[in-house]
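Visitor: Hi! Could you walk me through the structure I have open here?
Guide: Happy to, let's look together.

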Amino acid sequence: MNKSYCKSIAIRNTLSLMDDSHYCDIEELLLECGLRNTKQKHALIKSITSDRPFTAQQLLEKLGPRWGNQSTLHRALSQLKEVGFLTEAFDSHGETFYERTDRGHHDHLECVSCKSYKCVPCPNPTAEVPKAKIISHQLIFRGLCLKCL
């Protein structure tokens, strides 16, 4: 299946995947992207409703002990990234975090107190570097979130 097609399906359906009445949308998404429709993947997609970036560990805690082990989760996250449902970024310590692709380009604030991540507008989305072609960038601001000020 064409990954860009899967990405458009993922983006179109992301906001409608918030409750049990949309099981068929999740099932269709997985099928169209060539992924097996399992209870675990269904629970995973359904749990990715936050507008905030998340780590695999945070997601594993949210899914609970019935989910399975961490390697199963990482395989599933990798598959969802490959078909364009998720994107990954790295914090200032090199830890991977994920977020849905329907958020558009933005950067992040890493709170040095509570260790949370907040999405922030990109200050320079059209930056140019001499003698280089920019494909993408990632900018992490480190500071205090409003809750920790």
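Visitor: How many salt bridges does the structure hold?
Guide: There are 2 salt bridges in this model, which is a predicted one.

Visitor: Okay, which residue does Arg 142 form a salt bridge with?
Guide: Its partner is Glu 110, and the closest N and O atoms are 3.7 Å apart. Arg 142 sits in strand 5 and Glu 110 in strand 3, so this pair ties together parts that are 32 residues apart in sequence.

Visitor: And is Glu 110 buried or exposed?
Guide: Glu 110 is buried, with a relative accessible area of 2%. Arg 142 is partly exposed, at 48%.

Visitor: What about Lys 81, what does it form a salt bridge with?
Guide: Lys 81 pairs with Glu 88, and here the closest N and O atoms are 3.1 Å apart. Lys 81 has a relative accessible area of 33%, so that residue counts as partly exposed. Glu 88 is partly exposed too, at 28%.

Visitor: In which sense do strand 3 and strand 5 pair?
Guide: They pair in the parallel sense, over 4 bridges, with strand 3 covering residues 107-111.

Visitor: Can you point me to a spot there? What stands opposite His 108?
Guide: Look for Ile 140 in strand 5, which stands opposite His 108.

Conventions
Residues numbered from 1 in each chain as written. Predicted model: local features only at pLDDT ≥ 70, side-chain atom pairs only at ≥ 80, totals over all residues. Heavy atoms only, no water. Pairing = 2+ DSSP bridges. Helix = DSSP H or I, 4+ residues; strand = E, 2+ residues; numbered from the N terminus. Salt bridge = Lys/Arg side-chain N within 4 Å of Asp/Glu carboxyl O. Buried < 20%, exposed > 50% of the residue type's maximum accessible area, 1.4 Å probe, protein only.
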